Amino acid sequence: MAGQRPLEPYVEVRVLPGQQASSHSSNRSMFGGSSSRPITLFSGRSNLPLGERIAEAFGQDLGKVTIKNFSDGEIYVRYEESIRGTDLFIIQSTHPRGDNWMELLLMIDAAKRASADRITAVIPYFGYARQERKDQPRVAIAAKMFANMLTTAGIDRVLAMDLHAPQIQGFFDVPVDHLYGSAVFVDHLLAMGLDDIVVVAPDVGSLKVARAYAKRMGADLAVIDKRRPRQNETEVMHIIGEIKGKNVILIDDIIDTAGTLCGAAKALRENGAREIIAACTHPVLSGPAYDRLERSEISKLIVTDSIPARTQVDKIEVVSVAGLFADAIRRISTDHSISTLFVS
């Protein structure tokens with residue numbers, strides 16, 4: 001109605017710190033490159049600490065954006081500084097709840113309507129990536145749906161890490177830069193000084209990634225073959241490879257309820273493995289995960305900060321990927337190749 005004031009959001013959650021306009025030009029001169037667009041970094045609320053660490057590693061502050069919720073939960077987004085003509089990067093992991101996806105889509109739409117020159121969605125953890133195929137009748141291919149939504153919202157590029165299925169890159173009609181957690185894990189694992197190492201894939205689906213780790217670390221390779229003879233019967237695990245008397249590194253991209261990983265660790269211990277260390281990129285850690293880890297044969301679980309930890313546990317060690325993402329953003333913004341970061 002004429003003269004009516006617009007509805008104001010009821011709950012304000014966070015206003016992120018701003019940066020001075022002059023820092024854009026200093027950042028360009030610091031990192032060089034052919035791009036003349038000012039660079040802006042913004043973070044949603046799903047993993048603000050990682051967003052702040054990426055911005056710090058990149059060398060500038062996060063841009064100022066107000067993200068609020070109405071009393072019914074509806075999300076409101078407003079950029080509090082001009083982003084016209086900028087090379088804009090939005091950092092947002094999309095783990096459940098669905099609000100994280102909606103917040104990212106609204107930030108993209110607001111940036112597009114504010115005339116940002118190029119919009120890159122930086123998605124350290126791409127939620128719903130495990131629903132990437134139609135493996136049963138009458139199910140959704142959620143990863144494809146969200147790829148379509150991102151493209152429709154107005155992204156020009158996606159920067160992600162350890163997608164559950166690499167073919168998700170093909171769901172997009174815009175460039176996708178796919179980073180790998182091994183870029184930070186391998187050096188960290190080698191620095192632990194373990195000898196007589198064997199890298200183990202907890203299932204056949206993780207074998208390709210485990211093979212890449214074994215090659216870079218100069219280690220042996222093994223895989224666990226899981227089979228359930230009949231429905232409702234106990235799962236039988238066959239270990240293919242020599243693990244007796246060796247230090248084991250279990251590799252996976254996602255740890256959710258920790259059932260697969262803890263079951264694998266038990267089988268490895270029963271077959272003579274020494275120390276068992278697990279490295280998983282995305283610590284979803286839902287349901288009984290923490291209890292299972294505490295009771296498991298795993299001595300240490302190494303994860304990244306792609307998803308914020310819900311609970312502090314002695315067995316869990318977090319390795320930050322902020323520097324990896326900052327380097328990728330720097331290369332994208334200056335139109336330099338980032339193929340050297342594609343370490344699988």
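Trainee: Leaving aside neighbours within four places in sequence, which residues is Ile 276 in contact with?
Mentor: Beyond those neighbours, Ile 276 is in contact (heavy atoms within 4.5 Å) with Val 248, Leu 250, Ala 265, Leu 268, Arg 269, Glu 297, Ile 298, Ser 299 and Lys 300. This is a predicted model, in which local features need pLDDT of at least 70 and side-chain atom pairs count only at pLDDT 80 or more, while totals for chains, interfaces and linings use all residues. Residues are numbered from 1 along each chain as its sequence is written, and side-chain values use heavy atoms, with hydrogens and water left out.

Trainee: And how far apart are Ile 276 and Leu 250, in sequence and in space?
Mentor: They are separated by 26 residues in sequence, and by 7.3 Å in space from C-alpha to C-alpha.

Trainee: Where does Ile 276 lie, and is Ile 276 buried or exposed?
Mentor: Ile 276 belongs to strand β13, residues 276–283; strands here are DSSP runs of E with at least two residues, helices are runs of H or I with at least four, and both are numbered from the N terminus. Its relative accessibility is 0%, so Ile 276 counts as buried, a word that means under 20% relative accessible area, with exposed over 50% and partly exposed in between (1.4 Å probe, protein chains only).

Trainee: Switching to the open sheet, in what order do the five strands come?
Mentor: The order is β2-β5-β6-β7-β8, with parallel pairing, where two strands pair if DSSP finds at least two bridges between them. The edges are taken by β2 (39–43) and β8 (176–179), each with a single partner strand, so one side of each has no neighbour in the sheet. From one strand to the next, the twist averages 15 degrees.

Trainee: What packs on the sheet?
Mentor: Helix α9 does, touching β2, β5, β6 (118–123), β7 (157–161) and β8, and its direction makes about 160 degrees with that of β7; such angles run from 0 to 180 degrees between N-to-C directions, and axes are lines fitted to C-alpha atoms, for helices over the stretch in contact.

Trainee: At what angle do helix α2 and helix α9 pack?
Mentor: Helix α2 (residues 48–58) and helix α9 (residues 322–333) pack at about 55 degrees, with axes 8 Å apart. That makes α2 oblique to α9, given that under 35 degrees counts as roughly parallel, over 145 as roughly antiparallel, 65 to 115 as roughly perpendicular and the rest as oblique. Among the residues that meet there are Leu 50 and Ile 54 in α2, and Phe 325 and Ile 329 in α9.

Trainee: What about α5 and helix α6, how do their axes cross?
Mentor: Their axes come within 11 Å and cross at roughly 45 degrees, which makes α5 oblique to α6 as well.

Trainee: Back to the backbone, which residues does a cis peptide bond join?
Mentor: The cis bond joins Pro 96 and Arg 97, with omega of about 20 degrees, and Arg 97 sits in the loop between β5 and α3 (99–113).
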